[in-house]
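Visitor: I'm new to this one. Could you take me through a close look at a single part, and tell me how far I can trust what I see?

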Amino acid sequence: MEALEQSGMATVASAEPHGRGRPENLYPGLRPAAGEHFPDGHRELTGDLVDFMTNEQLKQFFERRATRLEAEYAPPIGGPRL
């Protein structure tokens, strides 16, 4: 983990003190630079799901997602645009 931190690929934070001993480090995540070394597999999973679902299920999924995103983003940008 120290090598990843030194190369700028991992983030590090100090844990809250918990008593005696060496202080602990937390590694909450990888930075974008680590992406090429640690692929996440989301693209493959998404492709498998699309192959598994029917056209009607895909349509319902994207309709629900669009509705959720519209509700989430409309207030911050001043309502829906026509």
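Guide: Confidence in the protein is lowest in strand β2 (residues 25-30), with a mean of 78, and highest in helix α2 (residues 42-52), at 91. Those numbers are pLDDT, the predictor's confidence in each residue, from 0 to 100. For the protein, the mean pLDDT is 83, and 91% of the residues reach 70 or more. Where pLDDT is low, the predicted coordinates should not be read in detail.

This is a predicted model, so local features need pLDDT of at least 70 and side-chain atom pairs count only at pLDDT 80 or more, while totals for chains, interfaces and linings use all residues. Residues are numbered from 1 along each chain as its sequence is written, and side-chain values use heavy atoms, with hydrogens and water left out.

Now the setting. The protein has three helices and two strands, and from the N terminus on they run α-β-β-α-α. Helices (H or I, at least four residues) and strands (E, at least two) are DSSP runs, numbered from the N terminus. The radius of gyration, taken over C-alpha atoms, is 21 Å, well over the 12 Å that the globule rule (2.2 Å times the number of residues to the power 0.38) gives for 82 residues, so the protein is more spread out than a compact globule. Buried residues make up 10% of the 82; buried means under 20% relative accessible area, exposed over 50%, and partly exposed in between (1.4 Å probe, protein chains only).

The part to zoom in on is helix α3 (residues 55-77), which holds both arginine 68 and glutamate 72, four residues apart, about one turn of the helix. Their side chains meet in a salt bridge at 3.4 Å, N to O. The term means a side-chain nitrogen of Lys or Arg within 4 Å of a carboxyl oxygen of Asp or Glu, and the structure holds one. Arginine 68 counts as partly exposed, at 44% relative accessibility, and glutamate 72 does too, at 42%.

Next, look for the aromatic pair; the structure holds one. The rings of phenylalanine 61 and phenylalanine 62 have centres 4.9 Å apart and planes at 75 degrees, so this pair is edge-to-face. For the cut-offs, rings of Phe, Tyr and Trp (its six-membered ring) pair if their centres lie within 6.5 Å; planes under 30 degrees apart count as stacked, over 60 as edge-to-face and the rest as tilted. Phenylalanine 61 is partly exposed, at 41% relative accessibility.
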